[in-house]
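Dear colleague,

Please find below the structure that I am handing over to you.

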Amino acid sequence: MRISDFWRLMDDEFGAGYSRVLSSSLVLAGVGGRTADQALSAGIPPKQVWLAMCDVQDVPAERRLGRDIKPGDQGPLN
């Protein structure tokens with residue numbers, strides 16, 4: 001998972017504004033007691049950070065992969 005995928009999942013699940021609040025303030029046991037921002041800066045893989053966030057926030061398993069994006073949902077291909 002790339003960092004851009006991490007942020008897309010965060011924004012989809014929590015909203016663009018709240019995802020930034022969570023990433024900077026919520027301490028995640030799954031990444032050594034760091035915030036998501038600290039964990040990413042320390043080089044912890046984004047997928048591990050995302051799953052730690054999901055655990056703390058009780059994100060259901062069916063939403064941990066993000067929403068389905070249909071081919072037409074990304075706008076016209078020019």
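For the helix packing described here, axes are lines fitted to C-alpha atoms, for helices over the stretch in contact, and angles run from 0 to 180 degrees between N-to-C directions. Please note that this is a predicted model.

With that convention, helix H1 and helix H2 (residues 16-25) pack at an angle of about 115°, and their axes lie 7 Å apart. H1 is therefore roughly perpendicular to H2, since angles of 65 to 115 degrees are placed in that class. The crossing of these two helices, H1 and H2, is right-handed. On the H1 side, the contact is formed by Trp 7, Met 10, Asp 11 and Phe 14; H2 contributes Ala 16, Tyr 18, Ser 19, Arg 20, Leu 22 and Ser 23. Sorted by class, this contact of H1 with H2 comprises six nonpolar, two polar and two charged residues.

H1 (residues 3-14) also packs with helix H4 (residues 46-57), here at an angle of about 20° and with the axes 9 Å apart. H1 is thus roughly parallel to H4, as angles under 35 degrees count as such. The crossing of H1 and H4 is right-handed. In H1, the residues involved are Ile 3, Phe 6, Leu 9, Met 10, Glu 13 and Phe 14, and they meet Pro 46, Val 49, Trp 50, Met 53 and Gln 57 in H4. By class, there are nine nonpolar residues, one polar and one charged in the contact of H1 with H4.

Phe 14 deserves a separate paragraph. This residue belongs to helix H1. Phe 14 has a relative accessible area of 17% and is therefore buried, the cut-off being under 20%. Beyond its neighbours within four places in sequence, Phe 14 is in contact with Ser 19, Leu 22, Trp 50, Met 53, Gln 57 and Val 59. Of these, Gln 57 is 43 residues from Phe 14 in sequence, with a C-alpha to C-alpha separation of 9.8 Å in space.

As for the chain overall, there are four helices and two strands, arranged along the sequence in the pattern α-α-β-β-α-α. The chain has 78 residues, of which 29% count as buried. Among contacts in the chain with a separation of 6 or more, 44% join residues 24 or more positions apart.

Yours sincerely

Terms used: Residues numbered from 1 in each chain as written. Predicted model: local features only at pLDDT ≥ 70, side-chain atom pairs only at ≥ 80, totals over all residues. Heavy atoms only, no water. Parallel < 35°, antiparallel > 145°, perpendicular 65-115°, else oblique. Left-handed = near helix turned anticlockwise from the far one by under 90°. Contact = heavy atoms within 4.5 Å. Nonpolar A, V, L, I, M, F, W, Y, C, P; charged D, E, K, R; others polar. Buried < 20%, exposed > 50% of the residue type's maximum accessible area, 1.4 Å probe, protein only.
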